[in-house]
Amino acid sequence: MCCCPPTAMAVPFPNFGSYEWLLPFADVKHVFQDLPLRTEGTVLTVVVGCGTSDLSRELHTHLGLPQVVSIDNDEEVVSHMKAQHEDLKAALSFHQADLTAPCSHVVADGAADLVVDKSTLDCLLCSEGAPKLVPSAWVHNIYRMLRVGGCYVVISFHQKEFLMSLLSLAFSIESAIDLQRDVGPDVLALVLRKGTEELPELQKALDAWNVQMPKDLMSETRREALEADWLQRLRPGASALPLSEAYEVMISSSEKREYSLSDFEQDVADHGGTAGTTELTLQEALHFLEQMQ
Ligand SMILES: C[S@@+](CC[C@H](N)C(=O)[O-])C[C@H]1O[C@@H](n2cnc3c(N)ncnc32)[C@H](O)[C@@H]1O
């Protein structure tokens with residue numbers, strides 16, 4: 001299950017009814033309506049990280065997509081979704097699988113016409129070890145399951161440039177659509193397509209992206225800005241800032257979308273070796289950022 005919902009997102013699966021991350025289908029359906037979707041019987045749609053969202057059902061009942069395979073790594077979620085969709089089991093199936101591992105037993109290579117991801121890549125990018133470890137395997141797996149010319153629709157709260165830096169390694173970018181929300185920052189729908197040419201170096205390129213990501217965490221400019229902001233905020237006679245304020249200064253607003261205050265507090269405790277640390281000195285803050293690179 002996901003670890004860091006962005007602000008203004010409620011707790012997932014509150015009572016095991018259905019729960020929508022980011023936006024309900026009604027607010028994203030135009031993204032799909034603008035696609036040239038085929039609806040013959042063999043057309044396969046895959047919903048990756050379905051959670052307890054109504055998306056799979058809506059793609060079938062509202063857009064007429066004939067076969068929707070939904071995957072989640074959470075066993076409880078999958079049993080719940082199977083029970084909820086008993087009435088549509090000829091068209092909708094639910095499977096437990098880890099999408100960062102090859103799962104051709106669930107979706108064969110090149111079988112999917114459309115893969116839909118609503119906030120699941122977000123979840124992976126927030127998970128422990130990410131962004132270093134996880135996304136490469138994820139992207140590779142989506143690429144594997146799509147047919148040539150098939151579409152991958154990603155609905156995400158991450159920044160467009162950040163997503164494109166990863167996803168354009170495997171897919172061509174068809175469109176990027178801003179989706180407004182009543183609560184919380186806007187989110188983005190990226191429509192991507194698997195091209196015809198072979199990408200023999202894809203795995204290497206994805207791995208290189210992984211290595212690149214955290215590099216400029218402690219650039220000279222960032223250090224200077226941090227020092228200036230820190231000194232301005234220090235109260236007279238104090239040598240440290242409370243953790244919540246340190247988080248404000250140390251973590252940029254785009255990073256905050258993927259890195260919550262509670263994750264930060266946990267990392268500070270882990271790295272400093274002191275559970276219950278409530279404040280940081282400037283030296284400790286710089287040391288922390290250097291360690292996190
Ligand atoms: C943020 S929720 C989004 C749920 C749903 N797509 C929605 O829009 O409401 C992410 C979902 O992805 C699932 N998930 C996370 N990592 C996964 C993985 N490696 N393989 C399969 N599912 C995963 C989680 O269990 C969770 O249900």
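Mentor: A crossing of two helices is left-handed if the near helix is turned anticlockwise from the far one by less than a right angle, and right-handed if clockwise. In this predicted model, local features need pLDDT of at least 70 and side-chain atom pairs count only at pLDDT 80 or more, while totals for chains, interfaces and linings use all residues. Residues are numbered from 1 along each chain as its sequence is written.

Trainee: Which hand does the crossing of α8 and α12 have?

Mentor: α8 passes α12 in a right-handed crossing. Both names refer to DSSP runs numbered from the N terminus (helices: H or I, at least four residues; strands: E, at least two).

Trainee: Why are α8 and α12 called roughly antiparallel?

Mentor: The axes of α8 (residues 220–233) and α12 (residues 282–292) cross at roughly 155 degrees and come within 11 Å. Axes are lines fitted to C-alpha atoms, for helices over the stretch in contact, and angles run from 0 to 180 degrees between N-to-C directions. Angles under 35 degrees count as roughly parallel, over 145 as roughly antiparallel, 65 to 115 as roughly perpendicular and the rest as oblique. The pair α8 and α12 is therefore roughly antiparallel.

Trainee: Which residues make the contact?

Mentor: From α8 come Arg-223, Leu-226, Glu-227 and Trp-230, and from α12 come Leu-282, Ala-285 and Leu-286. Contact requires C-beta atoms, placed from the backbone, within 7 Å. By class, the contact has 5 nonpolar, no polar and 2 charged residues; Ala, Val, Leu, Ile, Met, Phe, Trp, Tyr, Cys and Pro count as nonpolar, Asp, Glu, Lys and Arg as charged, and the others, Gly among them, as polar.

Trainee: What makes β3 and β6 edge strands?

Mentor: The open sheet has 7 strands in the order β3-β2-β1-β4-β5-β7-β6, with mixed pairing. β3 (92–96) and β6 (172–179) each pair on one side only. From one strand to the next the twist averages 15 degrees.

Trainee: How do you know that β1 and β4 pair?

Mentor: Pairing needs at least two bridges found by DSSP; β1 (residues 44–48) and β4 (residues 112–118) are joined by 3 and run parallel. Val-46 stands opposite Val-115 in β4. Helix α5 (residues 135–145) packs on the sheet, touching β1, β4 and β5 (146–156).

Trainee: Which residues come nearest the ligand?

Mentor: Trp-21, Gly-49, Gly-51, Ser-53 and Lys-118 do, out of 23 residues around the ligand. A residue is near if its C-beta atom, placed from the backbone, lies within 6 Å. α4 gives the largest share of the shell, 3 residues, and the shell divides into 11 nonpolar, 7 polar and 5 charged.

Definitions and conventions:
Two residues are in contact if their C-beta atoms, placed from the backbone, lie within 7 Å.
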